[in-house]
Protein chains: 2
Amino acid sequence: MSRYLPTELIQKKKRGQAHSRDELAFLIQGFLDGAIPDYQMPAWLMAVFFRGLSQTELLELTILMRDSGRRFDFKSRGLFTVDKHSTGGVGDKTSLLVAPLVAACGGFVPMMAGRGLGHTGGTVDKLESLIGFNSAPAPEEFARQVQDIGLAIIGQTADICPADKRLYALRDVTATIDCIELISASIMSKKLAAGVQGLCMDVKYGSGAFMRSLTDATALAEQLVAVGDRSGVRVHAVISSMNQPLGRYAGNSLEVGECLDILAGRRCIENGHDFYQDTRDLSVFLAAQMLVIAGLVESASQGLERVRSALESGAALKKFQAMCGRQGVRDWEMPKPQAHLVVTSQRRGFVQGLDTEAIGFCLVRLGAGREKQGVELDLSAGIENHFRIGDAIQEGQTLWTLHGRDRPRLESVADRLRETIAWSESPVARDALIVKVIEGH
Amino acid sequence: MSRYLPTELIQKKKRGQAHSRDELAFLIQGFLDGAIPDYQMPAWLMAVFFRGLSQTELLELTILMRDSGRRFDFKSRGLFTVDKHSTGGVGDKTSLLVAPLVAACGGFVPMMAGRGLGHTGGTVDKLESLIGFNSAPAPEEFARQVQDIGLAIIGQTADICPADKRLYALRDVTATIDCIELISASIMSKKLAAGVQGLCMDVKYGSGAFMRSLTDATALAEQLVAVGDRSGVRVHAVISSMNQPLGRYAGNSLEVGECLDILAGRRCIENGHDFYQDTRDLSVFLAAQMLVIAGLVESASQGLERVRSALESGAALKKFQAMCGRQGVRDWEMPKPQAHLVVTSQRRGFVQGLDTEAIGFCLVRLGAGREKQGVELDLSAGIENHFRIGDAIQEGQTLWTLHGRDRPRLESVADRLRETIAWSESPVARDALIVKVIEGH
């Protein structure tokens with residue numbers, strides 16, 4: 001590899017010029033082996049935030065990060081694998097439904113999921129509410145399970161994309177997380193290393209998403225699709241609303257409960273809503289896209305049909321049970337909340353909007369999430385939603401029920417939660433849950 | 001002081017928001033005492049490069065850096081001190097003339113100068129060509145000398161602006177040097193700490209300056225004047241051309257020789273030019289501005305008259321000799337070059353322009369400058385200019401004479417030097433040496 005001066009490369013990106021593959025390799029390799037000190041990368045990362053990366057640079061960076069560690073290969077086992085990944089939200093438990101739905105329709109889903117961070121929840125935390133659930137099986141067992149029963153959901157293994165792991169840790173402390181190109185490279189490198197051949201991205205926009213605007217979410221979705229196209233992964237990016245928490249519950253064991261209910265065909269009717277509907281609709285939609293990506297159906301509508309019947313027949317529930325059983329769950333026990341608090345409205349009006357990120361941080365305060373890695377969670381903690389944006393609320397009406405280990409913590413967030421509501425005097429429009437789909441080639 | 005999260009502050013600047021004084025104090029203090037790790041500052045510095053600092057932020061940062069170390073106080077001694085500072089160039093030896101000129105007219109010049117870095121020369125290196133010259137007297141002796149004879153030129157003491165020193169070192173390795181606000185804060189904090197009450201900035205633009213364009217140079221000049229206004233320093237910023245090396249010589253002892261010649265009233269006539277004229281004109285102009293700033297004259301034209309008479313009478317030469325004597329010079333000896341090489345033109349034509357930065361790097365190759373701090377110099381090395389932009393050159397005509405310790409080094413730069421010339425077939429206009437003056441209140 002030719003040698004460069006790190007300062008020269010930072011300068012280049014600062015001026016908006018594109019890096020060659022060799023230059024990117026020098027940066028990533030040098031960062032990993034310590035040749036480039038930790039104080040030079042953040043200047044480069046910030047320059048990337050402002051100047052961006054070209055499609056070619058983004059692809060090269062993704063491939064370099066993919067190749068920094070272990071790679072799974074399902075293709076050589078004759079499997080076409082398809083995964084789903086969300087950019088993160090509040091109450092977003094669709095992974096737990098999508099994986100068994102697709103497996104029940106004949107797909108293979110090797111899902112490496114994350115833990116909650118910041119205001120967003122994480123699939124691995126949720127599954128670990130199920131006592132005994134093993135989110136870190138041996139790599140060979142992970143691959144074998146996918147082959148045998150069509151799905152496995154595990155945490156990211158230590159040897160997958162170490163370059164991304166170290167870069168992400170540095171981005172976290174240098175305010176360079178919210179960069180579309182760096183997000184794309186981070187997601188796609190991990191998916192490629194996990195041996196994923198098809199990917200349905202759920203790109204969230206709105207008050208609870210990292211991308212607040214539809215414009216930014218669309219830009220990210222397009223980047224992801226483009227990187228997928230150029231790295232041999234079929235990507236469909238679904239843009240969906242994260243302007244309010246998804247479903248009835250947000251909080252780890254509560255969300256698992258919601259998923260088990262949905263897989264069992266239950267509904268959650270109150271005040272004219274089925275509070276499970278958005279979770280179910282989005283999961284079914286994403287799963288149908290995955291069947292299209294995997295070539296298991298001809299069209300999205302055929303996919304929807306297949307997925308709905310896998311849900312209604314109980315086949316998806318069986319897949320979920322098979323996965324949990326294989327990953328150590330025996331008695332289907334979860335931590336039960338010891339305290340409950342009803343939060344009522346102190347005024348009347350129409351709910352115009354919600355600060356969903358702030359709701360996410362209330363969940364962190366309840367112990368359901370973590371601001372920094374390594375914090376122990378209260379897996380029983382969470383909130384139960386009793387209204388939707390657009391609802392007419394009366395004074396004294398129940399807004400949320402809070403659940404968790406200790407009542408003082410629940411009380412400490414009640415007012416903060418009330419402040420997340422933007423009120424209107426007149427009726428307001430409800431926005432669409434699913435906005436659009438951007439498809440790769 | 002209130003506490004902040006460094007990431008929060010980086011994020012704030014990244015989004016283009018302004019910092020409060022407390023936030024800047026937290027950043028600078030935290031950086032100095034290690035509470036903010038070295039990998040967070042570069043992300044902030046790069047965000048400042050892209051987002052800038054408001055006038056208020058720039059002032060606060062300047063004051064914080066000023067107060068990070070020792071401060072000199074000449075006001076309490078009843079002196080109004082005035083200094084000159086250049087943004088750096090090739091062959092720019094005006095400091096050596098300006099300080100004695102102003103002192104000879106009754107001004108007090110406490111000059112803390114720098115060493116050469118990159119393609120630019122440094123006043124301290126030049127003075128150290130005079131064998132015995134002490135550029136690091138005790139701080140009290142520095143102040144006493146200014147009071148006694150009106151001038152002293154020393155290197156920056158270790159305890160002046162340690163915050164700037166550490167930030168500058170970090171900027172140097174993270175490609176965040178060329179940021180107008182950070183340059184302004186760096187210069188002004190050091191001048192304030194040195195106890196300077198009036199300052200004439202020589203802001204260079206052109207092929208040998210850090211600011212290539214007149215627009216950027218003007219923006220920097222305006223920033224410097226504005227910070228001066230708000231921090232109690234009267235600043236005049238002179239914008240001058242650095243499109244070609246200044247004067248006859250570039251190189252440490254050679255430049256001191258040029259200054260001694262000028263102070264002795266000599267000229268350097270060849271091919272219809274006085275090759276000392278630009279050095280002399282600019283020095284006299286800057287010194288006259290300093291007299292205006294110090295209130296020693298009523299107008300710039302009165303200043304020019306006074307300065308010219310101090311030059312012609314030999315009073316300035318006496319001041320220069322007094323300074324050097326006080327700072328350890330006894331025999332007025334300098335290292336003599338052992339080798340000489342005449343570089344002739346291989347074509348005919350008009351000189352349209354010069355890559356003056358490249359000429360500066362040729363000087364580095366000759367040993368007259370350094371790319372990194374700590375390199376030992378060949379103080380005898382340098383170039384002698386035999387033409388000016390706009391001249392008609394014949395094939396075989398002498399362009400430069402190179403001087404230095406060993407001939408192979410001289411030979412190694414001959415072709416590079418020739419390549420710095422942009423040729424024209426037809427006569428070209430010569431640009432003005434002094435473009436404009438921006439005055440503070």
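Visitor: Where is T174(B) placed?
Guide: T174(B) sits in the loop between helix 8 (162-172) and helix 9 (180-193) of chain B. Helices (H or I, at least four residues) and strands (E, at least two) are DSSP runs, numbered from the N terminus. The model is predicted: local features need pLDDT of at least 70, side-chain atom pairs count only at pLDDT 80 or more, and totals for chains, interfaces and linings use all residues. Residues are numbered from 1 along each chain as its sequence is written, chains are lettered from A and ligands numbered from 1 in the order in which they are written, and side-chain values use heavy atoms, with hydrogens and water left out.

Visitor: Why does T174(B) count as buried?
Guide: Buried means under 20% relative accessible area, exposed over 50%, partly exposed in between (1.4 Å probe, protein chains only). T174(B) has 0% relative accessibility, so it counts as buried.

Visitor: What does T174(B) contact, leaving aside its neighbours within four places in sequence?
Guide: Contact means heavy atoms within 4.5 Å. The partners of T174(B) include T7(A), I10(A), Y39(A) and Q40(A), as well as P42(B) and M46(B).

Visitor: What joins the side chains of T174(B) and T176(B)?
Guide: A polar contact of 3.0 Å. The term requires a pair of N or O atoms within 3.5 Å; within protein, one must be able to donate a hydrogen and the other to accept it, and residues adjacent in sequence count only if both atoms are side-chain atoms.

Visitor: What parts does the pair of Y4(A) and F26(A) tie together?
Guide: Y4(A) lies in the segment before helix 1 (6-14) of chain A, and F26(A) in helix 2 (residues 21-33) of chain A, so the pair ties together parts that are 22 residues apart in sequence. Y4(A) and F26(A) are both buried.

Visitor: Why is the pair of F387(A) and W400(A) called edge-to-face?
Guide: The ring centres are 5.2 Å apart and the planes stand at 75°, so the pair is edge-to-face. F387(A) and W400(A) are both buried.

Visitor: What makes strand 4 (residues 198-205) of chain A largely enclosed?
Guide: 8 of its 8 residues are buried, so the rest of the structure largely encloses it. G198(A), C200(A), D202(A) and K204(A) point one way; L199(A), M201(A), V203(A) and Y205(A) point the other way.

Visitor: Which strands are joined to strand 4 of chain A?
Guide: Strand 1 (residues 82-86) of chain A runs parallel to it, with 5 bridges. Strand 5 (residues 234-241) of chain A is also parallel, with 8 bridges. Two strands pair if DSSP finds at least two bridges between them. H85(A) stands opposite M201(A), and L199(A) opposite V235(A).

Visitor: Is W332(A) buried or partly exposed?
Guide: At 32% relative accessibility, W332(A) counts as partly exposed. Its phi is positive too, about 55°, although it is not a glycine.

Terms used:
Phe/Tyr/Trp six-rings, centres within 6.5 Å; stacked < 30°, edge-to-face > 60°.
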